[in-house]
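Please read each one with the sequence and the structure open beside you.

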Amino acid sequence: MRSDPNAAPLSLKIAAIGGLLFLHLPILLIFLYAFTTEERTYAFPPPGLTTQWFAAAWNRPDIWQALALSLKVATAATALAMILGTLISAAMAQARFFGREQISLLIILPIALPGVITGMSLRSAFGLMDIPFSTLTIILGHATFCIVIVYNNAVARFRRLSGGMMEASADLGANAFQTFRYILLPNLGTALLAGGMLAFALSFDEVIVTTFTAGQQATLPIWMLEELIRPRQRPVTNVVAMVVFAATFLPILLAYYLTRNGSETAGSGK
């Protein structure tokens with residue numbers, strides 16, 4: 001029997017499996033300890049399995065408050081990022097001016113900087129402007145990197161668009177709104193939706209920038225961090241971790257499926 005020449009060698013398969021286990025086994029352990037009967041320690045293997053911690057988490061008002069704040073912040077930061085990121089990407093992709101590449105670097109810098117640097121900078125800026133720490137400061141802090149996510153998706157799609165499409169739309173008598181609705185939006189729709197989902201996921205589980213901008217409030221990730229330091233019911237933290245995992249993994253997965261064929265834009269075959 002002839003072997004497949006395109007088949008990967010056994011050593012490569014073993015290395016790939018080992019890498020996947022290294023990445024995902026800790027996540028599986030988090031899920032496992034959400035069902036343990038032990039309240040104070042993470043003994044392995046768990047002495048028993050139970051679903052009581054899901055009911056305990058459901059009845060904890062502090063979890064609901066933190067979850068509501070996280071959803072509020074992530075939604076507002078994503079909306080702000082969608083508006084500003086789209087406008088910036090349109091300007092950078094359609095215009096040519098001196099210093100364009102330098103400005104582009106400044107736009108993406110917040111996502112490249114360590115979160116502690118961004119957090120310290122924002123905290124100093126809010127202090128100098130006498131802005132009290134509140135939900136607004138958390139939203140502004142998250143928007144700094146959410147804008148970059150939306151910008152990266154939108155500018156890549158803008159650069160694949162033909163300028164002749166918008167010129168043809170104007171020649172046919174369409175106004176700016178009609179051009180946006182019938183030309184730009186169908187071409188940018190999936191890129192913007194994917195960027196918004198990624199921005200929401202990043203905002204929802206952000207910890208470092210939130211620590212510097214939240215004041216006395218606690219988003220869900222901050223609540224989890226405080227619970228790990230001073231635990232009341234350790235398995236409840238694992239239950240909440242499962243919620244955070246789902247809230248971040250699903251948007252990222254949807255964004256991947258929306259952009260995996262990103263080279264094809266609406267109307268490209270017409």
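1. D62 is partly exposed, with a relative accessible area of 21%, whereas R60 is buried at 6%; buried means under 20% relative accessible area, exposed over 50%, and partly exposed in between, with a 1.4 Å probe and protein chains only. These two residues form a salt bridge whose closest N and O atoms are 3.0 Å apart, and a search of the whole structure finds one salt bridge (a side-chain nitrogen of Lys or Arg within 4 Å of a carboxyl oxygen of Asp or Glu).

2. Please keep in mind that this is a predicted model, in which local features need pLDDT of at least 70 and side-chain atom pairs count only at pLDDT 80 or more, while totals for chains, interfaces and linings use all residues. Residues are numbered from 1 along each chain as its sequence is written, and side-chain values use heavy atoms, with hydrogens and water left out.

3. The chain has eleven helices and zero strands, where helices (H or I, at least four residues) and strands (E, at least two) are DSSP runs numbered from the N terminus. Of the 270 residues in the chain, 34% are buried.

4. Among contacts (heavy atoms within 4.5 Å) between residues at least 6 apart in sequence, 72% join residues at least 24 apart.

5. The chain exposes about 16100 Å², and carbon and sulfur atoms supply 68% of this area, which comes from the Shrake-Rupley method with a 1.4 Å probe.
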